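Thanks for asking me to look this one over. My comments follow as numbered points, to be read with the model open beside them.

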Amino acid sequence: MITESIKSLYERDLNRLKVEIESYQNEESIWKTDKNISNSSGNLCLHLVGNLSHYIGAILGDSGYIRDRDLEFSQKDIPRTELLRKVEDTIRIVIKTLDQLNEEDTQKPYPIEPLGYPMTIDYFLIHLVGHLNYHLGQVNYHRRLLDL
């Protein structure tokens with residue numbers, strides 16, 4: 001069942017995001033930028049939380065979450081414990097929402113066109129897993145480069 005596989009990937013990769021944030025030896029490094037690295041790991045974490053909370057939680061799960069995308073990239077110096085709490089909350093809302101979908105639901109059109117064209121729910125859920133992993137890799141690289 002694709003829903004179970006997708007759910008497993010989100011849970012796995014959001015937990016990997018937590019591990020990356022927890023792995024910073026210097027908490028202040030979470031918010032560092034340098035030369036051509038314009039996004040800190042903290043802001044990437046906020047972006048992933050906002051992205052999934054909006055596109056899965058609010059759009060598919062009617063969670064009531066209201067996204068402020070600009071704030072995802074402008075907020076700074078949020079304590080690590082708060083970032084981790086936000087990731088945990090996101091895991092819960094993603095799993096809860098995906099638990100409400102069946103295979104038939106995932107073949108329906110996604111309610112909006114964030115990529116500029118129509119797509120099914122399962123297509124967009126797979127896209128969002130790729131987006132999560134793209135930024136997860138950036139967070140890992142950021143940590144290894146800038147956590148001095």
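**Notes on the model**

1. Asp77 sits in the loop between H3 and H4. Its phi is near 60°, a positive value in a residue other than glycine. Please keep in mind throughout that this is a predicted model.

2. Now to helix H2 itself. H2 has 18 residues and spans 24 Å from its first C-alpha to its last, close to the 26 Å expected at 1.5 Å a residue. How many of its residues are buried? The count is 18 of 18, so the helix is mostly covered, with buried meaning under 20% relative accessible area.

3. For anyone with pockets in mind, the largest pocket holds about 280 Å³ of space. It is lined by 17 residues, and those closest to its centre are Leu46, Val49, Gly50, Tyr65 and Lys86. Helix H2 (41-58), helix H3 (69-74) and helix H4 (80-99) each supply at least two residues of this lining. Which helix gives the most? That is H4, with five residues. By residue class, the lining of the largest pocket divides into six nonpolar, five polar and six charged.

4. The second largest pocket has a volume of about 160 Å³. Its lining consists of Asn36, Ile37, Ser38, Asn39, Leu44, Gln138, Tyr141, His142 and Leu145. Helix H6 (residues 121-146) provides the largest share of that lining, four residues. Here the classes come out as four nonpolar, five polar and no charged residues.

5. On ring geometry, the count comes to three aromatic pairs. In one of them, the ring centres of Tyr110 and Phe124 are 4.6 Å apart and the planes meet at 50°, so the pair is tilted. This pair links distant parts of the chain: Tyr110 belongs to the loop between H5 and H6, whereas Phe124 lies in helix H6, 14 residues apart. Are these two residues buried or exposed? Both Tyr110 and Phe124 are buried. Together with Tyr55, they form one aromatic cluster.

6. Tyr117 and Tyr123 make an edge-to-face aromatic pair, with 6.3 Å from centre to centre and 70° between the planes. Tyr117 is partly exposed, at a relative accessible area of 35%. Tyr123 is partly exposed too, at 41%.

7. Leu115 is placed in the loop between helix H5 (103-106) and H6. What does Leu115 contact once its neighbours within four places in sequence are left aside? The contacts are Tyr123, Phe124 and His127. The C-alpha atoms of Leu115 and His127 are separated by 9.8 Å, with the two residues twelve apart along the chain. Leu115 is itself partly exposed, with a relative accessible area of 30%.

Conventions. Residues are numbered from 1 along each chain as its sequence is written. This is a predicted model: local features need pLDDT of at least 70, side-chain atom pairs count only at pLDDT 80 or more; totals for chains, interfaces and linings use all residues. Side-chain values use heavy atoms; hydrogens and water are left out. On a 1 Å grid over the protein atoms alone, a cavity is a set of points where a 1.4 Å probe fits but cannot get out, and a pocket is an open set with protein on both sides within 12 Å along at least five of seven lines; lining residues have an atom within 4 Å of a point. Grid points are joined across faces, edges and corners, and a volume is the space filled by probe spheres set on the points. Ala, Val, Leu, Ile, Met, Phe, Trp, Tyr, Cys and Pro count as nonpolar, Asp, Glu, Lys and Arg as charged, and the others, Gly among them, as polar. The expected span of a helix is 1.5 Å times one less than its number of residues. Buried means under 20% relative accessible area, exposed over 50%, partly exposed in between (1.4 Å probe, protein chains only). Contact means heavy atoms within 4.5 Å. Rings of Phe, Tyr and Trp (its six-membered ring) pair if their centres lie within 6.5 Å; planes under 30 degrees apart count as stacked, over 60 as edge-to-face and the rest as tilted.
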